Amino acid sequence: MSPLRIAFLGCGFITRVHSRHLRRLRSEIVASYASRSRDKAEAFCREFGGAGAYVDYAAAIEAPDIDAVVIAVPPRYHLMLTLAALAARKHVLVEKPAYLRLEDYDTVIAARDRAQRVVLVGENDHYKPLAVYLRRLVSTGALGDMVFAQFTSIVRRLKRADDWRNDEAMAGGDAFFEEGIHWLHLAASLGPTITEVHGFRPSVSPDGPDRRAKSMMVAFKYDNQAVGSLYYSREIPSLLRGIRLSKLYGRKSIITFESNGLFVLVRGTGWPRLMFPGFRDIRGYKAMYRDFVAAIRNGRPPEMSLERAVVDQRLMDEIYASVEQRVALAVGR
């Protein structure tokens with residue numbers, strides 16, 4: 001089959017990340033680039049050996065030689081560009097967080113079904129070897145009865161004052177909404193279903209150029225009666241500027257894993273087992289794009305469908321609702 005012809009809408013940091021991973025998929029995917037700046041689109045096209053450059057997003061969406069678009073702009077614009085692409089009968093891969101409100105997903109699902117096109121939410125962490133391996137361990141009973149789940153994503157990684165993520169109207173929310181949703185998805189996608197969730201946000205630091213709320217602790221309960229926590233921060237120093245350890249506790253074993261996917265250690269009866277889930281596609285981008293191509297070719301939903309992303313969005317809404325309720329109670333006292 002001929003390669004899938006995609007156009008990136010937006011030429012920023014995340015498009016560069018995607019493009020680097022797509023270098024190994026050139027026989028399957030041919031990329032073009034669109035930006036509000038012609039010079040930027042052409043520069044990306046040259047740097048990554050693209051097929052073409054477009055002077056704006058509308059030109060790429062309407063181009064007859066483009067099969068699909070990758071929406072890689074701030075979340076504020078995701079809904080508008082998704083609906084425009086589906087109206088032009090293009091398939092869509094939209095970066096996460098995909099949309100700002102739960103009702104936006106309903107709007108896109110209806111548009112997707114009318115257009116009979118594929119929409120994949122760009123949750124690359126769903127596809128990374130670590131996540132695949134953890135799901136396999138849980139499903140095969142390696143833990144025994146799960147008791148606790150503890151996820152840690154802590155690093156000091158501040159944004160500049162002019163970064164669009166400092167503007168909640170652009171990003172859709174604070175740091176946890178904009179990036180922490182990846183870790184929330186990992187916690188929610190291991191097999192058991194999260195049935196109850198609460199968010200606890202510490203005080204927001206007034207210092208420095210990164211003005212966002214940058215930390216959140218989440219407590220949750222699974223349908224198997226296990227309970228868990230997620231510690232997320234982008235303002236606390238971590239070992240080697242990013243090494244983070246998380247654990248799953250069961251009555252049969254304890255699974256310790258480096259949160260980025262470097263290793264998994266299983267300890268229980270017998271000798272500890274140290275495994276390395278995989279380094280070649282450690283962030284899952286190539287597997288994500290292969291799923292996108294296969295879903296289009298075979299006319300099936302992708303693994304990270306809109307319906308799966310709705311589960312994460314509902315949890316996110318419940319987290320922030322619990323934070324706001326706690327603040328309102330404190331003020332009412």
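This is a predicted model: local features need pLDDT of at least 70, side-chain atom pairs count only at pLDDT 80 or more; totals for chains, interfaces and linings use all residues.

Modeller: Residues are numbered from 1 along each chain as its sequence is written, and side-chain values use heavy atoms, with hydrogens and water left out.

Biologist: How many salt bridges does the rule give?

Modeller: A salt bridge is a side-chain nitrogen of Lys or Arg within 4 Å of a carboxyl oxygen of Asp or Glu, and by this rule the count comes to 21. In one of them, Arg165 pairs with Glu178, the closest N and O atoms being 3.6 Å apart. Arg165 lies in the loop between strand S7 (146-154) and helix H7 (168-171) and Glu178 in helix H8 (175-188), so the pair ties together parts 13 residues apart in sequence; helices (H or I, at least four residues) and strands (E, at least two) are DSSP runs numbered from the N terminus.

Biologist: Is Arg234 buried or exposed?

Modeller: Buried means under 20% relative accessible area, exposed over 50%, and partly exposed in between (1.4 Å probe, protein chains only). Arg234 counts as buried because its relative accessibility is 3%, whereas Glu179, at 26%, counts as partly exposed. The side chains of Arg234 and Glu179 meet in a salt bridge at 3.0 Å, N to O.

Biologist: Which residues form the nonpolar patch on the surface?

Modeller: Patches take residues with over 30% relative accessible area and no salt bridge, joining like charges within 9 Å and nonpolar side chains (Val, Leu, Ile, Met, Phe, Trp, Tyr) within 5 Å. Here Leu262, Leu274, Phe276 and Phe279 form the nonpolar patch, with about 400 Å² of accessible area together (Shrake-Rupley method, 1.4 Å probe; for residues, only the protein chains shown count as cover).
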